[in-house]
Amino acid sequence: MGKRPVSAEFVFATAQYESGDWDSAPLLPANIIDTIARYTEIAVAPTGVIVPLSDDRMLRYPLLYLTGHLPVRFSDAERRNVRLFVERGGMLFVDDHNHDIDGTFHKTATQEITRTVGPLIELPNDHQLYSAFFKFDGPPTTSHELNGWGDNLVHKHLLAVMRGGRIAVLYSSKDYSSEWNYHPDSKRFMSIDNTRFAVNVVVYALSA
Amino acid sequence: MNAFARLRAARFALATGIVLRALAWGAVAAITVVVGVALVDVVVPLSLEIRARILGLAVAAGIATIAALAWRDRSVLSAERVALWLEERFPSLEYALVTAVEAGDERFVAGASTDRWISTAQRRAVASLRAPLSALVAATIIILILPSGAVARVRSPRAGDSLDRAGTSRAGRGNRLSPLVAEVAPPAYTGQASTTIDEPADVRALAGSRVTLRGRGSGDGILMVASGDTLQPGTRDDRWSVPFTVGSRPMAVRLSDGTDARIIAVEPIADNAPVVTLVTPPHDSVFRAPVGRIALTADASDDIGLAIGAFEYIVSSGEGETFTFRSGTIGAKRLDAKTATLSASIRLDSLALKPGDILHLRAVARDANDISGPGVGTSETRAIRIARAGEYDSIAVEAAAPSDAEKGMISQRMLIMLAEALQQKRPRLARDTVVRESHSIAADQKKLRRTVGDIVFTRLGGNPSAEETNDEENPQLAKSMTELLARADSATNQSTDPVDFQGGEAPVVAVNKPLLEAYNAMWDAAVNLEQGEPDRALPHMRAALAAIQKARQAERLYLRGAPLPVVIDIDKARLKGKDKGSSSARRSLTVSDSAATARAARFAKIVELSSRDPRAVVDSLLLLRIDALTDAPTFAAALSDAVAALRAGKSDAATSALARARRALAGPAIVQDSLGRWGNAP
């Protein structure tokens with residue numbers, strides 16, 4: 001296996017971290033890639049990659065997706081790389097697969113993000129992210145929020161760590177990891193593609 | 001009293017006078033140095049460092065003077081020279097005294113009058129003291145004339161005594177902002193002593209420190225602006241003072257008094273959070289049953305001091321989408337040191353763990369920072385999982401038996417010890433004995449290598465027994481060995497990527513890489529041992545141990561780790577047949593440079609200003625430095641050097657520092673190996 005060159009095409013990268021089940025949404029990457037291909041002309045790689053946060057190669061990707069159910073505790077190497085990643089202009093998209101505001105993932109992940117990158121703030125619902133491609137009035141709700149699963153809350157905002165006016169870390173308690181974790185072929189059964197917001201996340205990450 | 005006794009008494013009187021005169025001149029020399037420096041200090045303020053050395057210089061001058069005078073007049077110890085001195089004063093002796101001393105016969109001066117010898121010598125001794133004593137009186141008068149505190153600044157110099165200096169310079173007269181002293185009191189929790197800075201331009205202090213600026217005269221009309229707040233100093237004993245607290249961000253403190261103004265850069269030093277390392281358990285593990293006790297040990301350290309340390313645990317239960325959590329703290333301990341070792345133990349039985357549960361353990365330490373903290377440091381987290389019944393066949397969780405890799409590590413360590421012992425006693429052994437014992441170790445090394453080979457073979461999908469009876473005489477098995485070595489070389493030498501599911505290397509090879517390294521190293525070690533060269537074998541043996549250790553630490557298998565290989569057909573998703581043109585122009589992300597641009601513009605203006613108003617340039621550079629401290633420390637450091645050089649009037653050094661600042665601002669050179677896709681080239 002040779003070294004992967006810095007690619008001219010967008011590669012969806014899933015962050016692997018030591019402490020938890022980083023692979024809890026295995027179908028999500030393919031689904032997002034399919035969505036990017038459907039709606040945009042962005043050159044996109046047909047498969048995603050899994051990249052350890054402790055590996056310097058994580059710095060090659062402009063967007064990293066991180067999810068899980070279990071406690072998030074970065075190792076020193078992971079923390080150092082995440083800090084570097086954000087300083088270099090990368091965007092870390094963290095989604096709580098528990099969709100539980102009092103859950104351990106939420107507590108530990110927000111604690112770890114605060115410690116590593118900075119404090120999370122509520123992202124205004126008129127932020128550029130929500131109009132980067134499709135127009136949204138805020139973060140789209142998920143079926144898991146609406147059916148009362150998790151913390152019984154419909155979260156009105158996403159959280160973010162801002163750096164130089166751009167989103168460095170996007171944190172979601174919406175559980176998009178469950179909402180988007182299905183085979184892309186199943187989209188044909190949907191009246192509205194619920195992964196469209198992922199296009200905004202990717203476009204924002206590539207252009208902000 | 002006979003003549004010789006009177007001669008000795010006269011000599012004693014003369015010697016006493018000489019010693020006292022030397023001491024007096026020595027004192028005059030020392031005081032003159034002190035007074036001279038005090039006079040200079042009145043005109044031109046001397047630094048604390050120079051003044052601290054003056055006292056030593058004064059003592060040295062005094063001692064040198066005493067020594068020189070004593071050496072010059074050492075002839076007073078000679079009876080002949082004293083006798084000659086008396087002959088000069090009493091010509092009637094007609095050299096009878098000198099002759100008596102040289103002959104040692106007192107009878108030569110039997111008839112001489114000896115009554116006035118001693119009194120003459122005493123008068124001479126007293127007369128010799130007049131000059132030094134007069135000089136001493138003159139020096140004392142000068143000391144009394146000098147302004148109050150002038151001598152004290154030289155005699156007992158200390159930081160902050162610039163307020164005591166009697167200034168005569170035109171610049172200092174009437175300017176209440178000079179001299180200026182900053183007294184820095186660190187936060188109480190640090191237990192550190194206060195420090196004082198004369199004429200502060202930069203103040204570096206722990207966040208939360210209390211800084212008091214002091215100056216001479218009344219505080220009426222003086223204003224201090226810090227962090228948007230305006231304060232007026234208080235006055236006491238003809239000294240004004242104004243306190244402020246060091247925040248968490250750099251700031252500029254501006255003092256103004258009519259047309260006089262000063263800017264002080266305040267750079268906070270952050271109290272770092274404790275650093276915590278979990279020593280035991282050393283790695284994650286899987287237990288077959290939730291029984292027994294786990295020893296917990298952690299090392300903690302802090303730059304100021306630790307306050308509390310403890311271990312935290314979280315028990316996560318469940319699977320899939322349903323998880324529940326419990327958490328708690330154990331082994332909490334009050335600490336009062338910069339470093340500490342935490343220890344505790346946790347009984348798995350008491351946690352009511354069920355199969356599939358995961359126990360997350362970490363150590364936490366807090367410092368005593370009650371200003372911006374407490375700073376909390378945490379160790380890495382260890383995960384202890386209780387195996388489910390269905391996993392018993394797939395994971396080795398025998399209660400006490402170490403895994404194969406661990407057994408290998410123990411054995412390798414034993415082999416290293418044996419080889420080291422053999423190497424140590426090698427000079428005393430016959431060559432045959434060395435070779436025999438080395439062969440014995442080589443045999444064990446080969447057995448261990450086969451065991452490691454089995455593990456690797458099994459994981460690579462090969463036949464474990466193929467390596468079991470490896471022998472060079474069996475070509476079929478040698479082929480297996482060749483194959484294994486080829487795979488080992490391939491994995492350990494040619495590829496450097498540990499995990500990348502997009503590459504050509506199977507993940508299982510990547511997982512086995514440390515063991516393959518160990519296998520290679522063991523091979524080399526065994527060859528050297530068979531040649532009776534344990535010293536050459538030892539580096540390979542240690543490399544093998546390190547590789548096994550790496551495998552033991554790194555091996556972490558996620559049973560659900562491999563996502564389904566879904567490959568998106570991009571053309572299909574884009575509805576094949578559509579002319580998609582070229583993809584959107586993309587550029588790599590760079591950190592927003594608006595701040596850097598603004599900073600560069602400010603810097604350019606300041607440099608432009610340098611020819612017209614150098615004083616304003618210093619203040620402007622200070623302010624720019626404060627802004628840049630957080631984001632551009634290299635640039636800020638260069639500005640600090642430039643300010644120091646400008647203040648010292650060193651034009652060349654200032655130019656050099658400003659050039660460095662400009663380079664730091666511009667950042668590293670950007671090298672592109674090709675034209676950009678949307679470049680402006682025709």
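Ring pairs join Y130(A), F136(A), Y176(A), W180(A) and F197(A) into a cluster; rings of Phe, Tyr and Trp (its six-membered ring) pair if their centres lie within 6.5 Å, and planes under 30 degrees apart count as stacked, over 60 as edge-to-face and the rest as tilted. The model is predicted, so local features need pLDDT of at least 70 and side-chain atom pairs count only at pLDDT 80 or more, while totals for chains, interfaces and linings use all residues. Residues are numbered from 1 along each chain as its sequence is written, chains are lettered from A and ligands numbered from 1 in the order in which they are written, and side-chain values use heavy atoms, with hydrogens and water left out.

Over all chains, the count of aromatic pairs by this rule is ten. One of them is the edge-to-face pair of F10(A) and F12(A), with 6.5 Å centre to centre and 85° between the planes. F10(A) is buried at 1% relative accessibility, and F12(A) is buried at 5%; buried means under 20% relative accessible area, exposed over 50%, and partly exposed in between (1.4 Å probe, protein chains only). F603(B) and F635(B) also form an edge-to-face pair, at 5.6 Å centre to centre and 75° between the planes. Because F603(B) lies in helix 14 (residues 594-609) and F635(B) in helix 16 (residues 633-647) of chain B, this pair ties together parts that are 32 residues apart in sequence. Helices (H or I, at least four residues) and strands (E, at least two) are DSSP runs, numbered from the N terminus. Both F603(B) and F635(B) are buried.

Charges over rings were also examined. The charged end of R196(A) sits over the ring of F134(A), 5.1 Å from its centre, where the rule asks for NZ of Lys or CZ of Arg within 6 Å of the ring centre and within 35 degrees of the ring normal. In chain B, R74(B) lies over the face of W71(B), 4.1 Å from the ring centre.

S438(B) belongs to helix 8 (residues 431-460) of chain B and is buried, with a relative accessible area of 0%. Apart from neighbours within four places in sequence, S438(B) is in contact (heavy atoms within 4.5 Å) with L422(B), L529(B), G532(B), E533(B) and P534(B).

In helix 15 (residues 614-628) of chain B, the buried residues include V617(B), L621(B), L624(B) and A628(B). The cover over the buried residues of this helix includes strand 9 (251-257), strand 10 (260-269), helix 14 and helix 16 of chain B.
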